[in-house]
There are 2 protein chains.
Amino acid sequence: MNVTSSSSVNFSALGQRAQLPTIARLMSMALESPDVLSLAAGFTDNRTLPVAFVEETVRELSHRVGEPEFLQYGSNQGRAGLRRVVAERLQKEEPAFTHTGELAEKIIVTNGSQQALYLAMQVLCDPGDIVLVDQPSYFVFLEMLVGLGIQTRAIPVTADGKIDSRELGRLLDRLRASGEASRVRAIYFVSYFSNPSGRSLSDVEKNAVAEQLTARSMFIPVLEDAAYRELYFERPEASVSVLGLPAWSPFPRFYLSTLTKPFATGLKIGYGLCTDSEWLAKMAYAKGHHDFGSAHFNQAILETVLRNGAFDRHLAELRPMYAEKCAVLHAGLAVSGLHAAGWRWEIPAGGLYLWLQAPQNLDTGLESDFCRACIAEGVIYVPGELCFGADAPRNFARLSFGVLPPGKLTQAASRFGTVARKFS
Amino acid sequence: MNVTSSSSVNFSALGQRAQLPTIARLMSMALESPDVLSLAAGFTDNRTLPVAFVEETVRELSHRVGEPEFLQYGSNQGRAGLRRVVAERLQKEEPAFTHTGELAEKIIVTNGSQQALYLAMQVLCDPGDIVLVDQPSYFVFLEMLVGLGIQTRAIPVTADGKIDSRELGRLLDRLRASGEASRVRAIYFVSYFSNPSGRSLSDVEKNAVAEQLTARSMFIPVLEDAAYRELYFERPEASVSVLGLPAWSPFPRFYLSTLTKPFATGLKIGYGLCTDSEWLAKMAYAKGHHDFGSAHFNQAILETVLRNGAFDRHLAELRPMYAEKCAVLHAGLAVSGLHAAGWRWEIPAGGLYLWLQAPQNLDTGLESDFCRACIAEGVIYVPGELCFGADAPRNFARLSFGVLPPGKLTQAASRFGTVARKFS
């Protein structure tokens, strides 16, 4: 797309805010370097894509007795059979979650979890409103908020990256004192093997957040983004979601995830479970305006693989592959002398990312010498600054082991290490 | 979904405007009557769905040499190969369309044509802005505009439903006199076998609109919705789109359509071609926030069937089926004495709808005695009032021959006729 400013079109406020995503600038910088290895994209590994499962499922659907409703329109809220199987899985995962009514009726199916986030924000927030976000946070969500004109305040964290509930209390008090508290419309966090940090929030941390809000009677909607929950390496993360934690039960809750990130990203189906029926209905109505329902075909495929076990068989194959790739990237970085160069990171127990902290004074930002040197060396990453709001620390980097095969990961780690040593 | 008003959630302005679609109220009224035949839904006929073509295509994609990129993420703008084949088809369809640069680069792939409409409206219009719309117009678009807080003004028509360019000129003058002209951000029409009217706009009508706008230097963006263009019965509609008409060349143009309405609605892929690169870029950025790209799998399927001819073979089978169903519904209504009861309609040359005009004093609205009597008799339709803005005439009805097989269409027509005779 060549964008010229010759346009005579008058854009809306949203249109004026719509800008080239920062990550796209990174990608076009990288294009100058043809052999660049990408540790930036949060894509999955092509070798892991469930080609045979999808082919078999489409064959099975095609030969089912009855009308081929799977190729017909669906509904705004999503395919009932898919919502039922998702509800059953969630109920098993969250035995402490108590609720009235049919769980499947509380679920909306979306175009990936991204649309679930978008719909939630659209119906909750006007431009100028505030959302509390984890720190670091999912940068595509942060860019979406900028696009919608929504402000963020970061949930304070301690030096080791855990939620600092005392500081959170102080932040909430400041917001009340300044009269901004009424504009705080939601709180958002990626709680399992987070993008970008790879961390999971503990029950203690989640409860502490609920307590700080409850103490101030701020029963704002909470969005828990569990996109990576299924992508653990060895065992599920033990922490309970806001659905199952009693401290969160007075809050309107939207628990959302993707069904296709851990299966086939090209099918793009996500969902959200909402405990507030009016909020859910508003999102479904807004979705009616967006697209009146996600592709029904894709929903039928997901329903089938969730029911017949193919989804779980695929995940069982996938987990050790990502565990291995995580270990390979970690080892490659360690071998390349990154620790000696002053870098630190934790080894995550799931997800697709290593979250690296550079020495305090090293700027890893998009326009930094370090970033340019990496591109020149043939490796790209996501600058950590994208994962924060204003006053972002500039010495973090998100490295994904999602896309590249192990050999390339080692090579990319070596290139990254070469640059890091130069800048140490 | 049970919607209670027990919610403690504060909604945004958009959230407050998000309401149950009117058509959903009709559907739930109809649920009380279990044997109801629906002439309301604009769905396609399950019997026509291309099960074998889709199965074959997925098999072919699955066995292609190389990485299974069709199951991987795509991009905001959409799959390059799909955009190229769509561009080639459009260039053939619109030989008079001159442009600079690669046509495929002017195309964005969307979740059905509905999302193309949504993105266009989002980046062009703020709440309170005005869009000029055809009369009658696509009611899901009108409801979307209400959801976005956008006002409409109807393009005036003559008694026989053609665009009345003199009256349009007067409307534009009134908008200028009242200071509202600067809030008119776009003009929209469904130009081929329209939903709901079944009419196509002639070149003369389209040119007359361009001339009225040009005479007032109102070079506002135009959205031409060609969703039904491929669904002609015997031959393509001869009229040229705004892409090919020289009178429209000074205008920023967005020509949009669906690839799945005439193939498999459950795949939900649409597209738009935009002549203004900045407008297109804004829509792609906004789409990045919605979902960062439509399901890549579905795009790969469409690319394949467009390339290998399966799409066109399917259309060739489909057209006579819909032509027959149109004739059956028409004949059923005629036989049931509707003309004698004072009803009038044209036989369309494509599309999925008959647009019936009832006697002047007969209210066919959602809350009317007539509508209730139809439901009691076991037939539903779309009240014409939904297809207009304010001051809607109340004596129209949209009857779709899309879903029901011929035998059921005859039965539905007979039921409709029974009620119409009672009310004559």
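Select chain A and chain B together: about 7,500 Å² is buried between them, and carbon and sulfur atoms give 60% of that area. Buried area here is the accessible area (1.4 Å probe) that two parts lose on being put together, summed over both. This is a predicted model, in which local features need pLDDT of at least 70 and side-chain atom pairs count only at pLDDT 80 or more, while totals for chains, interfaces and linings use all residues. Residues are numbered from 1 along each chain as its sequence is written, chains are lettered from A and ligands numbered from 1 in the order in which they are written, and side-chain values use heavy atoms, with hydrogens and water left out.

**The interface**

Next, select the residues in contact (heavy atoms within 4.5 Å): chain A gives 88 residues and chain B gives 88 residues. Polar contacts join 45 residue pairs across the interface of chain A and chain B, both residues at pLDDT 80 or more. A polar contact is a pair of N or O atoms within 3.5 Å; within protein, one must be able to donate a hydrogen and the other to accept it, and residues adjacent in sequence count only if both atoms are side-chain atoms. Salt bridges between the two chains number zero, where a salt bridge is a side-chain nitrogen of Lys or Arg within 4 Å of a carboxyl oxygen of Asp or Glu.

Now show the side of chain A that touches chain B. The elements that give two or more residues to it are helix 1 (13-17), helix 3 (51-62), helix 5 (112-124), helix 6 (139-148), helix 9 (277-290) and helix 10 (296-308) of chain A. Helices (H or I, at least four residues) and strands (E, at least two) are DSSP runs, numbered from the N terminus. Helix 9 of chain A supplies the largest share, twelve residues.

**The axis**

Superpose chain A on chain B: a rotation of 180 degrees with 0.0 Å of shift along its axis does this, with RMSD 0.0 Å. The two copies are thus related as by a two-fold rotation axis. Pick Val58(A), whose C-alpha comes closest to the axis of the residues of chain A, at 3.7 Å. Because 100% of the interface residues of chain A are also interface residues in chain B, the copies meet through the same surface.

**One chain alone**

Chain A has 13 helices and twelve strands. Its C-alpha atoms fill a box of roughly 65 × 60 × 55 Å along the principal axes.

**Loops to zoom in on**

Go to the loop between strand 5 (184-190) and helix 8 (203-215) of chain A, where Pro196(A) is found. The peptide bond from Asn195(A) to Pro196(A) is cis, with omega near 15 degrees. Phe193(A) lies in the loop between strand 5 and helix 8 of chain A; Phe193(A) is a residue other than glycine with a positive phi, near 45 degrees.

Bring chain B back and select Pro136(B), in the loop between strand 3 (130-133) and helix 6 (139-148) of chain B. Gln135(B) and Pro136(B) are joined by a cis peptide bond, with omega about 0 degrees.

Definitions and conventions:
Least-squares fit on C-alpha atoms with pLDDT ≥ 70 in both.
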